[in-house]
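Visitor: Please show me the model, and expect me to ask what stands behind each label.

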Amino acid sequence: MTAPLRAPGGFPVVGIIGGGQLARMCAGPAVELGVTLSVLAEAPDASAALAIPSAPVGAHTDVDAVVAFARECDVVTFDHEHVPSDVLAALAENGVPMHPSPAALVFAQDKLAMRERLTALGIPCPRWASVRSAEEVTAFGDEVGWPIVAKTPRGGYDGKGVRVIGSTQELSDWLERAASDDSPLLLEERVPFTRELAVLLARSPSGQAAAWPVVETVQTDGICTEVIAPAPELDEQLAARATEAGLRVAGELGVTGVLAVELFELPDGEFVVNELAMRPHNSGHWSMDGAVTGQFEQHLRAVLDLPLGSPRPRAPWTVMGNVLGGDHPELYPAYRHVMARDPELKAHLYGKAVRPGRKIGHVNVSGTDLADLRERARHAADYIEGAVTE
Ligand SMILES: Nc1ncnc2c1ncn2[C@@H]1O[C@H](COP(=O)(O)OP(=O)(O)O)[C@@H](O)[C@H]1O
Ligand SMILES: [Mg+2]
């Protein structure tokens, strides 16, 4: 494996395991900060490999490849939460500094471990159960009321691994698989949320933390499609309590780097935690253009234990619209129209091939008229996708 070329002047190398768009979007801030990135990419044309010169190809499940990669880095962080525990253990044995640490990361990797820990900390969660049998599913559904939400504890993303079920029958395939893997499933009450929110913050190894304003996230079929920063008409008390809960989770779990806490806002003005992510997160993409310090820069500062930057918004509102793959493989021709129509808007594309429903980019637009910003973000995202042509 070729070592990354180091910059002179004592600047460190940050290694990122996984070559997705989150690793890719660290590239701009890394260039500006003068730190070097190296990414362990799943393929030579992975999103981040197209943007970062040092991008050895290797699987995040391959202990030897990951350890060889990490040896050339001063600190290792993650593009996703799918690095298996034996690989993390091998890195720890080799003395590789990791942020977040495996001890913290497990609560973003395993939704059951997360539910157990947050419940023990007294952080509000939906009613939940760990189950292995059809009888237990029926008992839980009868107790909390159908339909319920079933989740595979590990490996899910973008709604994959989440299923709303109206009867135990609808879970028979997952129950069979869980039995053969000898692994339980997570069940949750279906929360009648009024909307979804997210707390995003960064915490450094020294314990400094900085939180962005609480945002509203909109999910369509389990995939984030829009984020509004800050969350409109959010009760100040709720915002403060949610942020406090996020900071407490970060401290108690020893999270280092960016932490996203996905929340459901309830009709009575309370909230419950949905899940945690310990890396830059879709709910923070707005901050690249809408805050003094964007989440990718902040993540690098945090994992390097540098002082954190200000998370203050630069405008009253920023709206982020995700660009999802549609039917049109050609995206670039749309740029001319989108840029001409809205010179204030920022487009971020990930260098990924179009597949239906796949996250391939996002747009950000900031200003004072929220309804107008939402319309402009949606139009630009739809136009790049090819969903509208006018
Ligand atoms: N208990 C629940 N009640 C209602 N909706 C839920 C529940 N859990 C998840 N969802 C919906 O499914 C989406 C994806 O679930 P999540 O656990 O965040 O999975 P992923 O890891 O794919 O993001 C959530 O953003 C929310 O819209
Ligand atoms: Mg989620």
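Guide: The bounds of a domain are taken from an automatic or database domain assignment. This is a predicted model, in which local features need pLDDT of at least 70 and side-chain atom pairs count only at pLDDT 80 or more, while totals for chains, interfaces and linings use all residues. Residues are numbered from 1 along each chain as its sequence is written, and chains are lettered from A and ligands numbered from 1 in the order in which they are written.

Visitor: Which domains does the assignment give the protein chain, and what separates the centres of domain 1 and domain 2?
Guide: The assignment gives domain 1 (13–98), domain 2 (127–189) and domain 3 (195–385). Taken over C-alpha atoms, the centres of domain 1 and domain 2 are 33 Å apart.

Visitor: Why is ligand 1 said to lie between two domains?
Guide: Domain 2 and domain 3 both give residues to the shell around ligand 1, so the ligand lies between them. A residue belongs to that shell if its C-beta atom, placed from the backbone, lies within 6 Å of the ligand. There are 18 such residues, and Val149, Val162, Glu188, Val191 and Gln219 come nearest. Strand E5 (148–151) and strand E13 (271–277) are the elements that give two or more residues; strands (E, at least two residues) and helices (H or I, at least four) are DSSP runs numbered from the N terminus.

Visitor: What makes up the shell around ligand 1, by class?
Guide: It has 5 nonpolar, 6 polar and 7 charged residues. Asp, Glu, Lys and Arg count as charged, Ala, Val, Leu, Ile, Met, Phe, Trp, Tyr, Cys and Pro as nonpolar, and the others, Gly among them, as polar.

Visitor: Which residues does the UniProt annotation "binding site" cover?
Guide: In the unreviewed UniProt entry it covers Lys111, Lys151, Glu188, Glu189, Arg190, Val191, Glu196, Asn274 and Glu275. UniProt positions are given in the numbering used here, feature names are shortened, and annotations may be inferred rather than shown by experiment. Over residues 115–304 the chain is 31% helix and 31% strand.

Visitor: Why does glutamate 196 count as buried?
Guide: A residue is buried if 20 or more other C-beta atoms, placed from the backbone, lie within 10 Å of its own, exposed if 12 or fewer, and partly exposed in between. Glutamate 196, in strand E8, has 21 such neighbours and therefore counts as buried. Asparagine 274, in strand E13, has 22 and is buried too.

Visitor: What do glutamate 196 and asparagine 274 touch?
Guide: Contact means C-beta atoms, placed from the backbone, within 7 Å. Leaving aside residues up to four places away in sequence, glutamate 196 touches Thr217, Gln219, Glu262, Leu263 and Phe264. On the same terms, asparagine 274 is in contact with Glu262, Leu263 and Phe264.

Visitor: Why is serine 206 called exposed?
Guide: Serine 206 has 12 other C-beta atoms within 10 Å, so it is exposed. It lies in the loop between strand E8 (195–203) and strand E9 (209–211).

Visitor: What makes helix H8 (residues 172–181) hardly covered?
Guide: Among the 10 residues of H8, the count of buried residues is 0. With 7 C-beta neighbours inside 10 Å, aspartate 182 is exposed.

Visitor: What is the phi of aspartate 182, and what is that of aspartate 158?
Guide: Most residues other than glycine have a negative phi, and most peptide bonds are trans. Aspartate 182 has a positive phi of about 55°, and aspartate 158 has a positive phi near 50°. Aspartate 158 lies in the loop between E5 and strand E6 (162–165) and is partly exposed, with 16 other C-beta atoms within 10 Å.

Visitor: Where are cis peptide bonds found?
Guide: One joins histidine 99 and proline 100, with omega about 0°. Another runs from tryptophan 146 to proline 147, with omega near -5°. Proline 100 is in the loop between helix H4 (85–93) and helix H5 (102–109).

Visitor: How many residues has the largest nonpolar core?
Guide: It has 109 residues, and Val14, Val39, Ala48, Leu187 and Leu276 have the most contacts inside it. Such a core is a set of buried Ala, Val, Leu, Ile, Met, Phe, Trp, Tyr and Cys residues joined through C-beta atoms within 7 Å. Beyond four places in sequence, valine 14 touches residues including Ala30, Val75 and Leu300.

Conventions. Two residues are in contact if their C-beta atoms, placed from the backbone, lie within 7 Å.
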